[in-house]
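Open the model in your viewer and keep the selection panel at hand. The stops below say what to select and what is there.

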Amino acid sequence: MTQRIEDYALIGDLQTAALVGRDGSVDWLCLPRFDSGACFAALLGDENNGHWRIAPAGARTCARRGYLGESLVLESVWETRTGTVRVLDFMPQRDRAPDLMRVVEGVTGRVEMSSVLRLRFDYGSIVPWMRRQDGHRVAVAGPDSVWLRTRPRVKTWGQQYSTCSSFTVGAGDTVSFCLTWHPSHEACPSFVDPQEALEHTLEDWKSWSSRCTYEGPYREAVIRSLITLKALTYAPTGGIVAAPTTSLPEEIGGVRNWDYRHCWLRDSTLTLRALLAAGYREEAAAWRDWLLRAVAGDPADLQIMYGLAGERRLPEMEVPWLRGYGGARPVRIGNAAVDQLQLDVYGEVLDTLYLAREAGMPPAEHAWALQLSLLGFLESTWRQPDEGLWEVRGPRRQFVHSKVMAWAAADRAVKTLERSPELPGDVARWRVMRDEVHREVCERGYDPARNTFTQSYGSVDLDAAALLIPRVGFLPPDDPRVAGTVAAVGRELGQDGFIRRYSTDGISVDGLPGGEGTFLACSFWMVDALRMTGRVAEARELFGRLLELRNDVGLLAEEYDPAARRQLGNFPQAFSHVALVVTALALAREETAG
C-alpha cells in the first residue's frame, strides 16, 4: 500500500473506469465493463497483479494534477531536473472497443520517460502471452486480448513478464500510447488516433457539462460530482454503479471489504433528485427506465441491488491471490447482500417514481401498475424484520428506517391518487396503511426518555438513517422528536463532527468484527437535518468541512477516518457525490430564500 485511496484520480468511458495514482500508475481497470475482471489489480495487491506506470525515469510522484476544465481528462505535470512534461490520461467514449489513452507532452527541456506495463487478466491472476504483431504489442489469454500501440513508434522490450519502454521528450514533442481491449476471437479494432480522440473527448465532456443548469454557490464541487456520477453510469443501460472498485476497506486491515460495482436501489431517489435539479433530464429518464426494468417481476423478488443491465445473480466469492489494500482481506467479487430482505427499497422505488411523476417526466407504460403491485406486497410484509438499509450480516431486526420507508411508500401512493384520481387504486386502503405504520414507528421506534428515534424496535442504539425522517416527510422538521434525534445522532454517532452510520463498538449489529470510518453520505444528511431544523450556520460550517475532505481532483470515497485523516472504502463513491449535490443545492436555496 504505497498510495492512499485519495491519491487516485478517475478516468472512464461510461462503460468502465480506471484509477490513476499520483505516481503515474494505473492500478485498477476492469475490461470491458465495470464489473468485468480487472487487468490492472495492483490496487488490491502489488505490481505483479497488474499496473501500467508512465513517469519520468527515477521520479516518484507528479508535481500537480487536475482535470482539464469540466472533463474527465486527467492532466499530470511532472517537473524534473532536466525539464517538465505533462501526461494526459483519458478513455474516449467507445465506438466498439475500449481504449485507454496516455499522451506524453514535453513542456520544457528534455526528459527521459519510462513506461512499464504489466497486464494481468482475471483480477491479477493470469499472465498473458505477449507477442509482436505489425510492429505493435499484443497480449492474449483466454477470452481477452489487449493491444499496445504508440505514435510515434517507441521501442519496447519484455522484462520480468512486463513490457517496458524508454524514450525522451523535448519541448513540443508528443508521444502517445493507446491500450485497446477486444475479445480474443475477434479481429483487432482499428487504431484510434490519440490526438483526435483527445479533442473529441474534451468536446464530449464540454458539451455534457454545459447542460448543467445550476449556477449557484458551490458550483465547482457540484459539477465535479455530477461528472463523477456520469462517469459511473453504464451508458448502454443507464444503470449507475455505486463505485468502480471492489474491496477498498472500511477499516485498514479489516474485513469490511465489499464489491460496489453494482447498482443499488437505496441510491435511486437521491440520484434522480440530483440529476433533475441540475438539468440532466435525459440521464434522469435513463435511470428511471433502468429502475423500472430491473424491478419488474414478482414483488416478492425485489432485490436491493442489480447488475449493470439489471442482472439478478451477483454471487459473492473471495479472491485469495490478492492480499488486499493495506492487507485488508478478504478481497470479494460479487455481493451476497443481493439476497437480503430490505424492506426500505420498496419505499425507495415508490419515492423515486413519485418524484419522476412530480417532475413532469413522461410516464412510463405500466409504471403505476408496477407500483401498486409493489405496494400490495409491502402491505403484507412491512411488519417483518429485515436486514435494513446497511445490509447487516447479523440477525434480522425491526429496523426503524425500513418502517419509515414503508410509510413513505404508502404516502406516495396516497398523494399520487389524490392528485391523479383517474388512476386505479384504493386511496383509503393506503391511507390506513400509512397511518398504521406511522403509529407503530412512533410507539415502538422512539425512545421518549432520550427524545430520539432508535435504530430498531427496543434497541438503545442509534442509526444515522433517522436523520432522513424530516426529509421523507415522516415528521415535520419542527417536531421536537426530530430535533431530539438530530442532537442524539450528533452526540452519539459523531466523530470530529462527522457521522458514523451506527455504532460498531462492542457487539455490532452487523455481525462483523472491527470498525469503520465516518460515513460521508450520513454526514451530508446531518447537514440537511441541521438546515431543516433551523441550525443553518452549523449546517454551512459542516458542509464546508466536508468539501475540504475531497481529494485534489474533487473526489470522495465512501468513508473518512478523522483520526488518520484519510478516506476509506470504495472510491469514488456515487452515494457520497449524490449526497453532496443534493445538499449543496438545498443550502443554495436556503441562501437564496434568506
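Start by selecting Trp 52. Leaving aside neighbours within four places in sequence, Trp 52 is in contact with Gly 24, Ser 25, Val 26, Phe 40, Leu 100, Arg 102, Ser 115, Val 116, Leu 117, Leu 148, Phe 177 and Leu 179. Keep in mind throughout that this is a predicted model.

Trp 52 also belongs to the largest nonpolar core, which has 195 residues. Together with Phe 40, Phe 474 and Trp 525, Trp 52 is among the members that touch the most other members of that core. For the second core, which is separate and has 8 residues, select Leu 88, Val 103, Cys 178 and Ala 197, which are included in it.

**Ser 115**

Next select Ser 115, a residue of strand β9, which spans residues 99-118. Is Ser 115 buried or exposed? Its relative accessibility is 2%, so Ser 115 counts as buried. Show the side chains of Ser 115 and Trp 52: they make a polar contact at 3.0 Å. Beyond the residues up to four places away in sequence, Ser 115 touches Trp 52, Arg 53, Ile 54, Thr 163, Cys 164, Ser 165 and Phe 177. For a sense of scale, draw a distance from the C-alpha atom of Ser 115 to that of Leu 555; the separation is 26 Å, and the two residues are 440 residues apart along the chain.

**Salt bridges**

Side chains of opposite charge can pair when their charged atoms come close.

Select Asp 35 and Arg 33. They form a salt bridge in which the closest N and O atoms are 2.8 Å apart. Asp 35 has a relative accessible area of 22%, so this residue is partly exposed.

Move to Arg 383 and Glu 436, a salt bridge with its closest N and O atoms 3.0 Å apart. This pair links distant parts of the chain, 53 residues apart: Arg 383 is in the loop between α7 (367-381) and α8 (400-419), and Glu 436 is in helix α9 (residues 427-444). Both partners are partly exposed, Arg 383 with a relative accessible area of 44% and Glu 436 with 29%.

Then select Arg 450 and Glu 492, whose salt bridge has its closest N and O atoms 3.0 Å apart. Arg 450 lies in the loop between β22 (446-447) and β23 (452-453), while Glu 492 lies in helix α11 (residues 480-493), so the pair ties together parts that are 42 residues apart in sequence. Arg 450 is partly exposed at 26% relative accessible area, and Glu 492 is partly exposed at 33%.

To see a network, select Asp 351, Asp 411, Arg 412, Lys 415 and Arg 434, which are joined by salt bridges that share partners.

Asp 193 sits in the loop between β15 (174-183) and α2 (194-209). The cut-off for buried is under 20% relative accessible area, and Asp 193 counts as buried because its relative accessibility is 19%. Show the backbone of Glu 196 as well: its nitrogen lies 2.9 Å from a polar atom of the Asp 193 side chain.

Now select helix α4, residues 268-277. How many of its 10 residues are buried? The number is 8, and the helix is mostly covered. The buried residues are Ser 268, Thr 269, Leu 270, Thr 271, Leu 272, Ala 274, Leu 275 and Leu 276. After α4 comes Gly 279, with a positive phi near 95°.

**Enclosed space**

Rolling a probe the size of a water molecule over the atoms shows where empty space is left. There are 4 cavities of 30 Å³ or more. The largest cavity has a volume of about 160 Å³. As a last stop, select Glu 250, Trp 258, Trp 390, Glu 391 and Arg 501: of the 16 residues lining the largest cavity, these lie nearest its centre.

Definitions and conventions:
Residues are numbered from 1 along each chain as its sequence is written. This is a predicted model: local features need pLDDT of at least 70, side-chain atom pairs count only at pLDDT 80 or more; totals for chains, interfaces and linings use all residues. Side-chain values use heavy atoms; hydrogens and water are left out. Helices (H or I, at least four residues) and strands (E, at least two) are DSSP runs, numbered from the N terminus. Buried means under 20% relative accessible area, exposed over 50%, partly exposed in between (1.4 Å probe, protein chains only). Contact means heavy atoms within 4.5 Å. A polar contact is a pair of N or O atoms within 3.5 Å; within protein, one must be able to donate a hydrogen and the other to accept it, and residues adjacent in sequence count only if both atoms are side-chain atoms. A salt bridge is a side-chain nitrogen of Lys or Arg within 4 Å of a carboxyl oxygen of Asp or Glu. A nonpolar core is a set of buried Ala, Val, Leu, Ile, Met, Phe, Trp, Tyr and Cys residues joined through side-chain atoms within 4.5 Å. On a 1 Å grid over the protein atoms alone, a cavity is a set of points where a 1.4 Å probe fits but cannot get out, and a pocket is an open set with protein on both sides within 12 Å along at least five of seven lines; lining residues have an atom within 4 Å of a point. Grid points are joined across faces, edges and corners, and a volume is the space filled by probe spheres set on the points.
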